[in-house]
Amino acid sequence: MGIGTYEQFVERLANMKPNVYMYGKKHDRTGDYMRGGLYCMQQTFDCAHDPKYEDVCTATSHLTGEKINRFTHIHHSVDDLLKKQLMTKLLSHRVGGCIQRCMGTDAMNAISVVAYDCDQANGTSYYPRFEKLLRYWQDLDIVGCCAQTDVKGIRGVRPIDQPDPDQYLRIVDVQPDGIIVRGAKVCNSAAPYTDEIVALPTRFMGPKEAAYAVAFSLPSDWDGIKLMALPGLRHKRKHLQSPDACVGDVESLTIFDDVFVPNERVFMNGLEHPDVVQYAGYLALMFAHFHRHSYCGCKTAVSEVIASQAALVADVNGITKYPHVQEKISHIIGTAELVFAAGQMSAYRATEFPNGSFVPDEILTNAGRRIAGNEIYHEYEVLADLTGGICASLPTEESFYDPETADLMAKYITRNPKYTAEEAHRVFRMMENKLCDPFSGAQMVAGVHGGGSPVMETITMMARYDLEPLKGIARYLAGIDPEMPRYERPNATPRAMLDKFKKTVAEGDKKVCN
Ligand SMILES: Cc1cc2nc3c(=O)[nH]c(=O)nc-3n(C[C@H](O)[C@H](O)[C@H](O)COP(=O)(O)OP(=O)(O)OC[C@H]3O[C@@H](n4cnc5c(N)ncnc54)[C@H](O)[C@@H]3O)c2cc1C
């Protein structure tokens, strides 16, 4: 099949066992609470069938040579990475923010690289298992999410030293045909409306933490998985329908309550071979890296959506010409351009890996993601500033349609005569959504933490950026060295960390090995 339809996807969800917990009840996957998230997922199917968008939303499978949805593709060229970024941006424009399907794609791309490397070094057989699952994903156009972020207990305390050992997902039993896992992953976006949950480690694991080096993929309604959900909803509309009003999401704290994972779905098991444990951190970083590359597409779109809304609301208010307005909008546009450029350039500087995957440059993806994360609240601030207080005090929709008050409301909502009363109302209603409803509140936090808290990008960049050759420029300028070095930063990928993890373990670093 290769490219599925939204209707097939919804049917699969409807056939799943109820395991979504909300408001004191267990829910199936047919409820209204999923409406906003499903709207986003629908775009990922419909656009793959749309001739206008198929150039970026579809790809050619390296396994079968067939046309598939790009969300199930493993990037095999610079062009693939560029198109993934364009697809993410395009679809994020359509939903005014996060498209919600990239986490599963990024997780599969990360496993592809790491499973292959691990098999080559350790004689394990994760990659053939992975390819089998990938075929199934590509055939049926499977939607996945990624459960990486462990609940983590006391921050700064290693998994093995936590008073409760279940604060990080771990293997509690190994059986001939599979493993039993226990733990919980937080902020698991979209989990209730995905076919599969891909679970990955969240950090480097030491030799005593072999049980925590675990990765697998399971159907989202698998026995023992409990999705403790929080729907992100827009304010309900009665009269003014719009694409912006259709979106929403559902977050999940996903509990793995002694869950059996069959061997064919296990892509890392630290108890299988002593050296596999070193691949946990490598896989964690590889996912974060692919995800930060996706962010360079979606965060560009997020900034462009905000810039677009800022420009429109400024016009409705009749303030476009003022220099402070121009300066504020230009700042957001500048951010979007830089983040996009970082993603593009990281694709051009990609490295081909032994499994055939193309892995973008890591300094650039982190630089792009960090700018986006640092700017996000400022961008919302500009939007609130240019909109005015009406976004937080807009009378209810009904007042604009009540025969007694409709004319008065039309009179008092109108500002720039270029816009009708209904157009002005639509724009301010959109701003109310954007700045004040529960879904947008969560999206603002996602802009800060999604893909890793801001400090994580700094840590990653400084771990990978070699300052010694860089200092050569200053040494020359200061007259310490007579020769001006010809400085070019080499490409960077998470592969460098695998060697460091191996060295850490080989040297018996006290922090992780005692
Ligand atoms: C809306 C949303 C959607 C998300 N979607 C997903 C998803 O689909 N899948 C997924 O796996 N994750 C997802 N995430 C999770 C995201 O990756 C995490 O929120 C992020 O990595 C931060 O982890 P945390 O929330 O546990 O915060 P913490 O790690 O607790 O961070 C809180 C603060 O503590 C600091 N801190 C923590 N530990 C240390 C330490 N050892 N030393 C110094 N400072 C420390 C951090 O820097 C930060 O300032 C999502 C997050 C959000 C908000």
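Which helix gives the most to the shell around the ligand? Hi everyone, let's find out together. The model is predicted, with local features needing pLDDT of at least 70 and side-chain atom pairs counting only at pLDDT 80 or more, while totals for chains, interfaces and linings use all residues. Residues are numbered from 1 along each chain as its sequence is written.

The answer is helix 13, with four residues. Helices here are DSSP runs of H or I with at least four residues, strands are E runs of at least two, and both are numbered from the N terminus. In total, 21 residues surround the ligand, where near means a C-beta atom, placed from the backbone, within 6 Å. The closest are Q148, C187, S189, A446 and H449. Two elements give two or more residues to this shell: strand 5 (144–147) and helix 13 (438–449). By class, the shell has nine nonpolar, nine polar and three charged residues. Nonpolar covers Ala, Val, Leu, Ile, Met, Phe, Trp, Tyr, Cys and Pro; charged covers Asp, Glu, Lys and Arg; the others, Gly among them, are polar.

Now to helix 2, residues 35–49. Its 15 residues reach 21 Å from first C-alpha to last, close to the 21 Å expected at 1.5 Å a residue, taking 1.5 Å times one less than the number of residues. Its buried residues include L38, M41 and F45; buried means 20 or more other C-beta atoms, placed from the backbone, within 10 Å of the residue's own.

Finally, the domains. An automatic or database assignment sets the bounds, giving domain 1 (290–460) and domain 2 (468–513). Their C-alpha centres lie 37 Å apart.

Notes. A residue is buried if 20 or more other C-beta atoms lie within 10 Å of its own, exposed if 12 or fewer, and partly exposed in between; C-beta atoms are placed from the backbone.
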